[in-house]
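Keep the 3D view open as you read.

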Amino acid sequence: MSQYREHKEVVATKAWDHRLFQRLLVYARPHWVLFVKSFLVLTLLFVFELAGPWIWRRAIDGPVTTAWQAGLEADRGPYVRSMLFWVGLYLAMIVGATIMRYFQVSTLNRTGQTVIHDLRTQLFRHIQHLDLAFFDKRPTGSLVTRVTTDIENLAELFASGVVTLGFDALRVVVLVILLFFIHAQLALTVLVLLPVLIGISIAFRGGARHAHRHVRAKLATLNGFLQEVLSGVRVVQIFRRESRVAGVFAHHLHEYYQANRKTIFLFALFFPAMSLGVFLIQGTALYVGVGSIVHKEMTVGLFFQFWLLLEMLIRPIRELGERYNVLQSAFASAERIFQVLDTQPLVREVSQAAPLDLPLTTPPHLCFEDVRFRYAEGNEVLKGISFEVPPGKTVALVGATGSGKSTIINLLLRFYDVTSGRITMEGRDLREIPLTDLRRRMGLVLQENFLFAGTVRENLILDRPGIRESDLQEALKTSSADRLLDRLPGGLEAEVAERGVTFSTGERQLLAIARTLAARPPIVILDEATASVDSETESKIEHATHRLLEGRSALVVAHRLSTIRRADQILVLEKGEIIERGTHQELLAMKGAYYQLHELQFAVAVEG
Amino acid sequence: MKALWPFAYRFWRYRTRLLAGLLCIPLGQAADVAMTVTIGNAIKRAAESDNADWIGRVIWLLTGYAVAQAVFRYFQRWWIVVVSREVEVDLKQDTFEKLTGLSFEFHNRSRSGDVVSRLTSDVENVRMFLGPGLMYTVGAMVVVPISLGVLFSLNVWVTLAMIVPMTAMGWIMKALTPRIHRYSMEVQESLADISHRAQENFGGIRVVQAAGIEDAQAARFARSSERNRDNQIAMGEARGLTHASVNGAFDLTFVVILVVGGLAAIDRTLPIGDLFKFIDLTIKVFWPLIALGWIAGMYARALASAERITELMAEVPSIVDAPDAVQPRTMRGEIDFRDVSFRYHPDSPDVLQHVSVHVPAGTTLGVVGPTGSGKTTLLSLVGRLFDCEGSLSVDGVPIRDWSLASLRGHLGYVPQDSFLFSAPYEDNIRFGADEELSDEAIHEYVRRAAMEGEVRSFPHQYKQRVGERGVTLSGGQRQRTCIARALAKKPQVLILDDCLSAVDTETEKHLLESLREAGKSCTVLVAAHRLSSVAMADQILVLTADGHMEALGTHEELLAQPGWYHDTWERQQRRAQLLGEGV
């Protein structure tokens with residue numbers, strides 16, 4: 001179980017991780033068409049964008065300059081016509097660029113979203129099949145983050161990260177080459193100065209990330225303290241410590257402010273530094289350019305083109321730092337996602353296990369043979385448990401909290417595997433029976449009866465195949481949950497609010513029993529709820545429980561006297577061992593632990 | 001807009017730096033525009049002259065402009081944004097002090113998440129709008145007219161013509177923003193759905209796996225994810241449309257410059273160098289214009305947030321000192337409840353009904369009863385966390401006539417939820433004391449709370465940091481720490497609200513003796529579930545489930561008569577025997 005020991009969430013902060021990238025590519029491959037489209041769109045857009053400066057150059061060097069040189073007296077007709085031609089071309093270019101800009105945003109976005117949808121679904125499916133030990137170690141919230149925030153970060157990676165960054169690199173190279181064609185000396189000076197900009201961009205982002213992290217940490221402390229004071233406001237007020245906590249708050253606030261000053265400073269510095277860097281390049285370009293124009297080595301139009309291409313070159317470099325950060329956080333998310341995907345369930349199917357050779361409706365014979373169990377790193381919670389559940393009989397488990405009752409039912413369901421000993425069904429080790437075949441034979445009723453968002457019907461059927469309408473109706477009648485539905489607007493089709501809040505505890509228990517009855521399982525595993533309900537519901541639950549256990553092999557963590565009394569055998573557990581066993585009458589006669597527990601139970605019943 | 005004025009006033013307090021920062025904006029913009037004009041003139045001159053000797057001087061001039069622009073930009077951002085952060089500090093501090101000053105009745109009815117969001121995201125919204133938002137607005141307000149002014153002076157017609165597509169850009173943004181907003185709402189909803197599904201499946205994994213419906217649930221999840229994907233794609237398309245139209249309108253400006261400016265150049269009414277100025281200044285006004293659209297979106301949020309903060313600041317504490325409140329220096333600790341009733345809301349049921357009990361100074365009153373019988377509420381009334389009906393007096397003075405400072409100044413309180421701060425252990429004890437505590441004094445209080453040995457076993461002993469809400473301490477350790485903290489107050493009245501439930505019986509016995517020792521001169525009110533905690537009290541008040549008095553007497557008297565106390569005592573004793581210890 002060592003793989004569960006460390007539950008790390010803080011992972012690599014590399015901006016580029018080739019191994020992870022290779023793995024991500026596997027998910028991108030089926031959608032290669034979208035990636036090709038994205039590149040096509042970006043290429044076309046780039047071509048259109050390049051056309052702009054070129055048209056300016058041709059228009060200036062063409063009609064404008066020649067008209068200027070021809071003098072005031074010349075006929076302006078040909079120049080105007082030539083000018084209008086370039087304007088027309090410019091318009092066409094803009095139409096093309098505008099269309100491509102639309103596709104640039106929408107196709108890139110579509111690509112990212114399509115890929116992450118696949119990954120998200122696969123991740124969810126994988127998590128669903130992991131064993132309970134995995135869930136024990138992780139707060140639900142952190143797992144939810146995997147399929148939400150982390151996955152969304154990856155969309156950024158595919159869209160703005162890989163595609164755009166890759167293309168930006170291409171743009172820079174092409175632009176530099178073009179500049180060389182226009183004016184080699186000028187281009188060379190630009191190329192020499194370019195690293196200055198790149199340096200500023202990356203250095204700033206690095207600093208900003210640190211500073212931001214610092215601000216977030218201080219803000220977390222500040223808000224944490226605020227939360228704390230709000231939840232303890234009663235203590236603060238009775239102790240008259242309002243001004244003292246205000247002082248502490250002021251201290252945290254000041255630290256937060258100081259951290260903020262650092263980021264403000266960085267940002268205040270970055271923008272001017274960047275524009276000075278740009279000026280360095282543009283000023284040099286102007287200096288060299290003007291010299292070239294004067295010496296007729298370069299036309300004014302060519303200088304225009306050069307200048308506008310320079311603007312195009314600077315933009316991706318300015319955004320470089322930003323993209324770098326996107327990549328970094330996306331790779332961190334990818335790492336966390338693959339960590340989960342690489343986790344294998346500890347409860348595994350034996351390959352080629354044959355289903356049990358017993359009709360799905362026949363109650364089987366269950367047997368625990370010297371079962372021992374410990375949770376990861378924990379002490380032994382079951383110390384050699386042996387008992388049998390003959391077909392159609394009920395075994396009740398009784399004992400204090402922590403005596404191992406819940407563990408026994410968790411093992412029977414194979415939520416965990418035994419540490420030693422074995423559990424058999426019809427003489428076969430549970431681990432050699434296919435999980436689906438095993439669990440299909442069992443009906444589970446839990447203490448906390450979990451309802452999913454959806455209709456009541458969906459909650460009763462729970463997507464299990466083979467439940468007919470007649471089964472459902474019969475289950476409702478048997479559990480007397482049908483009367484409950486009568487008063488619901490919409491009946492079976494009524495929507496269950498989040499976590500089933502519209503039902504009382506007792507009603508939820510009835511629904512859970514109906515849910516189990518509907519599948520007509522030959523084995524029932526029941527963890528009786530301890531919460532008290534009104535006496536009318538109580539008697540309904542008693543009745544429904546009785547019908548549920550009838551004729552089935554059943555293992556019950558019992559709290560109700562009526563359930564215990566009817567059990568064919570009662571096991572009294574203490575600290576992971578069976579200390580007494582027998583029927584209700586036999587155990588009472590022993591005047592041992594069960595007798596005392598029974599007395600206590602009675603007293604509790606009177607109090608309730 | 002009115003809602004924002006009080007906040008604008010807070011900015012005004014820092015007017016020196018704020019105004020200096022605001023002044024930097026036009027100066028920086030002017031330097032920026034000057035650069036464009038200078039470069040344009042250089043190009044113009046280059047096309048006409050046959051030597052380039054002058055270019056060195058131009059570059060020096062440009063460098064001057066560039067440096068000036070950088071310096072102004074730096075100070076503009078530095079001064080304005082720092083002031084906005086200082087206003088944030090003031091605002092948060094004031095709101096915090098307001099919050100801790102509000103009566104418990106307020107905290108009871110408001111959700112803490114809502115209150116926290118006013119102090120965090122609402123303050124941030126207001127700050128963003130009045131700080132950086134203002135900066136960008138002023139920036140746009142300055143650069144657009146300056147640029148247009150320069151362009152007008154060059155050529156009126158070109159300038160007039162290019163205003164058309166620029167205005168169109170504004171309209172397009174305004175028209176398309178609601179669409180994006182709508183799609184983004186849908187995306188948010190489908191994201192919430194995904195996270196909800198994940199939450200319930202991972203939380204209810206037992207049910208899912210036992211029913212063998214992992215794959216069916218995964219298919220449902222896939223549908224949610226699909227819906228989100230489709231919404232995201234639809235939003236991407238809407239964003240693409242906006243992006244394309246805004247940029248298209250912007251590009252059209254260049255067409256206008258090319259056609260009108262180009263024709264003017266052919267006509268020799270516009271030199272080529274001036275064409276450059278048109279192009280470069282258009283690029284320079286593009287971003288400020290986009291920023292204006294962004295700020296318009298911020299305004300609505302800032303306004304709503306300002307109202308929410310103002311609403312909070314307008315809350316009046318419901319419990320305040322009476323105008324002629326007495327402030328005695330000492331308290332004897334005689335407490336008298338006479339026919340006290342209480343309900344949390346006018347239309348909710350009574351929690352306490354006609355409770356009368358007299359507690360002489362220096363005696364102990366135990367309060368017991370089933371869950372929900374109002375034990376905690378009864379104890380809260382003594383600290384005047386709430387005002388009640390009937391008469392409640394301390395030392396014969398009605399509680400409303402006490403000043404809160406002197407009333408609460410004499411109380412020691414141990415809350416039911418054992419609230420501790422996530423701070424070093426000793427600081428939690430110091431919290432209780434009015435004066436600075438010596439280390440010896442802290443050790444003494446901890447010893448009296450039967451915690452000394454355990455504190456010494458902590459890796460950092462008294463400096464050990466108590467985890468968030470004290471999670472690194474066990475329940476019993478937290479309870480005893482709260483007791484030590486209350487003792488540090490040297491209270492005249494000690495209120496113990498079911499604070500021994502997680503302490504084992506052995507320690508409880510020790511603690512009760514120690515408390516009695518300490519509390520010889522002090523009145524003690526103790527609520528408990530475990531009756532052994534109150535058995536030694538001078539009187540015990542038994543409350544019923546609906547807040548009535550069932551009985552009042554000593555342990556022996558109550559045990560001698562049938563009723564809740566008798567039954568519960570019997571049961572607890574038996575359970576204690578059975579499990580070998582106290583529950």
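Start in chain B, where Val414(B) has Leu496(B) of strand E7(B) as its bridge partner. Bear in mind as you look that this is a predicted model. Val414(B) belongs to strand E6, residues 411-414 of chain B, and that strand runs parallel to E7, residues 493-497, with four bridges joining the two. Which way do the side chains of E6(B) go? Leu411(B) and Tyr413(B) point one way, Gly412(B) and Val414(B) point the other way, and all are buried.

Now zoom out to the nonpolar core. The largest one has 320 residues, and those touching the most other members are Val398(A), Ala514(A), Ile525(A), Val367(B), Ile495(B) and Leu525(B). Take Ala514(A) as a case: leaving aside residues up to four places away in sequence, Ala514(A) touches Leu460(A), Ala475(A), Leu476(A), Ser479(A) and Ala481(A).

The two chains meet over a contact that takes 109 residues from chain B and 106 residues from chain A. On the chain B side, helix H8 (residues 214-266) gives the largest share, with 29 residues. Sorted by class, that side of chain B has 58 nonpolar, 31 polar and 20 charged residues.

Staying with chain B, look at how the chain is divided up. Domain 1 covers 1-155 + 288-316, domain 2 covers 156-269, domain 3 covers 330-410 + 493-583, and domain 4 covers 417-490. Between domain 1 and domain 2 of chain B, the C-alpha centres lie 26 Å apart. Where they touch, seven residues of domain 1 of chain B are in contact with 11 residues of domain 2 of chain B. Helix H5 (112-154) and helix H9 (272-313) of chain B each supply at least two residues of the domain 1 side, and that side divides into four nonpolar, three polar and no charged residues.

Over in chain A, the domain assignment gives domain 1 (16-183 + 319-344), domain 2 (184-297) and domain 3 (452-521). The C-alpha centres of domain 2 and domain 3 of chain A lie 57 Å apart. Gln185(A) lies in helix H7 (residues 184-231) of chain A and is partly exposed, with 13 other C-beta atoms within 10 Å. In sequence, Gln185(A) and Gly289(A) are 104 residues apart, yet C-alpha to C-alpha they are 9.6 Å apart in space.

Finally, a look at backbone angles. Most residues other than glycine have a negative phi. Arg240(A), however, has a positive phi of about 55 degrees, and it lies in the loop between helix H8 (233-238) and helix H9 (242-294) of chain A. Arg414(A) also has a positive phi, near 60 degrees, and is found in the loop between helix H12 (405-412) and strand E4 (420-425) of chain A. Buried or partly exposed: which is Arg240(A), and which is Arg414(A)? Arg240(A) is partly exposed, with 18 other C-beta atoms within 10 Å, whereas Arg414(A) is buried, with 21.

Terms used: Residues are numbered from 1 along each chain as its sequence is written. Chains are lettered from A and ligands numbered from 1 in the order in which they are written. This is a predicted model: local features need pLDDT of at least 70, side-chain atom pairs count only at pLDDT 80 or more; totals for chains, interfaces and linings use all residues. Domain bounds come from an automatic or database domain assignment. Ala, Val, Leu, Ile, Met, Phe, Trp, Tyr, Cys and Pro count as nonpolar, Asp, Glu, Lys and Arg as charged, and the others, Gly among them, as polar. A residue is buried if 20 or more other C-beta atoms lie within 10 Å of its own, exposed if 12 or fewer, and partly exposed in between; C-beta atoms are placed from the backbone. A nonpolar core is a set of buried Ala, Val, Leu, Ile, Met, Phe, Trp, Tyr and Cys residues joined through C-beta atoms within 7 Å. Two strands pair if DSSP finds at least two bridges between them.
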